[in-house]
Amino acid sequence: LYSALSTLTRRENSMATTSSNEIPLPWSKQHKRLTKASSGGLSYSLSNSFAQPLTSGELLDLTKRRGHHDLVEQYYNHSLEYTPNGGSMDLREEIARLYGDNITAQNVLVFPGAQVVLPTVARALVGGGSNGHAITFAPGYQSVVHAPAHVGGDVTSIPLSPATGWQIDLTKVEEAIRPDTKYIAINEPHNPSGALSQRGSQMALIELAQEHNMHILCDEVYRLLEHDSSDRIPAMADAYGKGFSVVTLSKPWGACGVSIGWVATQDLALLDKISDVQYFGTACPSRSSELQAIMILKSSDWILERNLAIIRRNKALLVDFMAKYDDLFTWVEPRAGAIAAIRFKGPLSSAELGAELAGEGIGIKPAYCFSDCVRDEDDYFRVGFGEDKMPDALEALEGFVEKNREKWTSLM
């Protein structure tokens, strides 16, 4: 097993183009089997990437305390008829309040989760026999990286490096641009590292896209979870007329089970095309989910403040862990989200380490979950630290490290 895992995670990685004839397989499929995801999972999970969820009862109580009794009444007595394609107006209006004046309800399409947004936008831009091309970055969330290939387009994936803080190299982006390049897809804040770009870097990427008449899709699922709010950069939907912000309630608000996501953009013509593609997929979200989403967004300030407090507390524990075991682990300290990318400096690849940890009931996300070509120098695994129970999982990890530290150091 270790031999196979090592081969998987130590292939040479360079800028690679995936053709439309290659249907990508899920990178996380092996990990889900290893961590028994379909049968309850492991005892200690550092794999989760979301902030602390509320229960439905807590959400209803919070909504009542804030005086939104009408929402609670609607939730208990709403009709089970279809919702409008692309979401009901009340939810789209609430989402639009997260953005500037150029984004109104008509600039928002609602989906049952952000996962569905990514291939839908890709289909509108490079699918359907258009033979379009997109530029993505790895390591990254696979649906961002591979959505263009999944719908029949071509994709050039540019490697990111911890040596440069996981930042985008504009020179490499320019080299990857083709006459048929339709869009650039980025993660900001970055998954799996929690890295953040600066405003100047964002503007430089936008200027490059403008020069070549390209769209920019930005997966912003960790936006609003900046550890220092002064580091926050504008949403892509606000910053660029041909930009798309893709968001889900899962990460900042911890509302994974509500299954509501959206895309926001100033480009109404393309949004109409995206709506046409959406029609053939999951066009109508659940009304109960929509009402829960409105409740969450109306209490967004309270929920985000609570979740950021948990994240900052857990990050401090992780910082202490990294300092204590700096002979075995290294990282680029995250600045946003509830995730960090960590490199094990010992005698195992992240895949091998993940397999050993799973055997002890501890889950991490190895590097193969974020790229199909992992080099030794960027063989980083992801840990999540957004939940109340994270300290127990970190304590279990520390116990595992202490048990194996002498053996590992003797092999280094």
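Trainee: What volume does the largest cavity have?

Mentor: Happy to start there, keeping in mind that this is a predicted model, where local features need pLDDT of at least 70, side-chain atom pairs count only at pLDDT 80 or more, and totals for chains, interfaces and linings use all residues. Residues are numbered from 1 along each chain as its sequence is written, and side-chain values use heavy atoms, without hydrogens and water. On a 1 Å grid over the protein atoms alone, a cavity is a set of points where a 1.4 Å probe fits but cannot get out, with lining residues having an atom within 4 Å of a point. With points joined across faces, edges and corners, and volume taken as the space filled by probe spheres set on them, the largest cavity comes to about 100 Å³.

Trainee: Which lining residues are closest to the centre of the largest cavity?

Mentor: Good follow-up! The lining has ten nonpolar, two polar and one charged residues, where Ala, Val, Leu, Ile, Met, Phe, Trp, Tyr, Cys and Pro count as nonpolar, Asp, Glu, Lys and Arg as charged, and the others, Gly among them, as polar. Of its 13 residues, the closest to the centre are P139, A367, S371, V374 and D378.

Trainee: And how many charged residues are in the lining of the second largest cavity?

Mentor: This cavity has a volume of about 60 Å³. Its lining includes E188, E220, R223, E226 and R232. Beside five nonpolar residues and one polar residue, the number of charged residues is five.

Note on methods. 1 Å grid on protein atoms, 1.4 Å probe; cavity = no way out; pocket = protein on both sides within 12 Å on 5 of 7 lines; lining within 4 Å.
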